[in-house]
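Here are my notes on the model. Please read them with the coordinates open.

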Amino acid sequence: MLMSASATAILQGMSLLMGFATSILLARFIGGYGYGRYVYAIAWAGLLTTPAILGLDRFLVRGIAVYGVREQWSLMKGLLRRTNELVLITSVVIAAGGCAVAIGFLGGDLRWTFLIGMLLIPLTTLTLLRQGAMQAIGRVVAGQLPEYLIRPFLILAAVCVLGTLDRRALTSTTAIIANVGGVAVAFGVGAVLLRRALPKVLRTVTPRYETANWIRASLPMMLISGVWLANNYLATLVVGTLDGPRAAGVYSVVEKGAELIVLVLVAANMPLAPAIARMHAVNDTGGLQHTTERVAQLTLLVSAPIAAGFAIFPGIYLGIFGPGFQAGATALTILALAQLVNAFAGPAGNVLIMTGHERAAVIGIAAGLVANVVLGVALVPELGVTGGAIASGSSLVMWNTVLVVLARRKVGVNVTALHWLRMVRVPR
């Protein structure tokens, strides 16, 4: 697992670097307003991905891992086929609804940027399913190559070509076209890799379906994934809606910086998820305790200095994007501190989901979402980007605290970086 986590961290680091380069070029080439339109459309596409995927990507990881241990190949094949069918239908319907809203209520360049961005919904949902399947069968690194290497490279290359040949050709609309093209190519490559990686026995067995049970188990995961995605996109959407596209661009840059702080935790969660499901399936609570605690300790060790750098010297990072982005300095400090709490909390959500306690996890996730929405609407009109950061940071701290307590109560393990907390008694 350590090798997979290390390779994942390297891939995600490369992806982030290319993503940062793309953001810097776009911010400088098309300006704060054009960049704001671009990230606003991306944020909506990302948020609408949540109901489109029905939580089946996370359930797929657990289901395939458990079916693999029990050698239930017919159920594994049925799960793979049915999840793709359901997600394709829901994603197309939701994307069509988004297009209808754009045609009816948006105008100018924002309308076209938004319309093209809706193509990301079916592409992203099917990509997440494919990535979850690769994760479950232990091909974590190969499963991430298309999204973390091919996709960002193609987008960066397209932006560089357009910006070099004719800057007037690079707009928020052409930038979103480049994004959709990169995602489409990466999806095609990933689909081929998955087909080659699946157990050969699946080619001969007859699929068996338990659709009702799968959907019933996946819906709480949809709520959990929805809040995680909402915490990534909601503040950008609230800031963009209440304070304009330019403010949305500034907040997006701030959020990208804060994401660096928990890079190790995100990387570790990929190979960790199926491992948690397997350990829980064989009742290895000791192994689960040891593994999750070490992940949290490693995450905090790496994340703390990065968070300190962003909190103390936010202007250095923001200056890379241009003078108009310095308005996000206070927001970056706030999000850096909130992400440090996230790192300390460890893989709490992953533990609950992969051990069958996704319904309990919804409690903490829902509390965080409510805080994000209420605080965002209340603070953004007065504080702008800083208000969005306060709302998002408060949400992050709240749901991490609740999930840590729930993991201790429901699963009996301490998922935080502090060893002595495993001795704390939590009422069941």
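1. Basis. This is a predicted model: local features need pLDDT of at least 70, side-chain atom pairs count only at pLDDT 80 or more, and totals for chains, interfaces and linings use all residues. Residues are numbered from 1 along each chain as its sequence is written, and side-chain values use heavy atoms, with hydrogens and water left out.

2. Nonpolar cores. A core here is a set of buried Ala, Val, Leu, Ile, Met, Phe, Trp, Tyr and Cys residues joined through side-chain atoms within 4.5 Å. Buried means under 20% relative accessible area, exposed over 50%, partly exposed in between (1.4 Å probe, protein chains only). The largest core has 57 residues; Ile 64, Leu 80 and Leu 403 touch the most other members. Leaving out residues up to four places away in sequence, Leu 403 touches Ala 348, Gly 349, Leu 352, Ala 361 and Ile 365 (contact: heavy atoms within 4.5 Å). Another core, of 54 residues, lies apart from the largest one and includes Ala 52, Leu 123, Tyr 251 and Phe 321.

3. Helix H5. Helices are DSSP runs (H or I, at least four residues), numbered from the N terminus. H5 covers residues 120–136. Its 17 residues should span 24 Å at 1.5 Å a residue, and the end C-alpha atoms are 24 Å apart, so the two agree. The expected span is 1.5 Å times one less than the number of residues. Of the 17 residues in H5, 15 are buried.

4. Thr 173. Beyond four places in sequence, Thr 173 touches Asp 109, Trp 112, Thr 113 and Ile 116.

5. Which residues lie nearest the centre of the largest pocket? They are Leu 80, Asn 84, Leu 194, Arg 195 and Leu 198, out of 16 lining residues. A pocket is an open set of points on a 1 Å grid where a 1.4 Å probe fits, with protein on both sides within 12 Å along at least five of seven lines; lining residues have an atom within 4 Å of a point. The volume is about 530 Å³, the space filled by probe spheres set on points joined across faces, edges and corners. H3 (73–105), H5 and H7 each supply at least two lining residues.

6. Glu 71. This residue sits in the loop between H2 (56–70) and H3. Glu 71 has a positive phi of about 55°, although it is not a glycine. Most residues other than glycine have a negative phi. Glu 71 is exposed because its relative accessible area is 56%.
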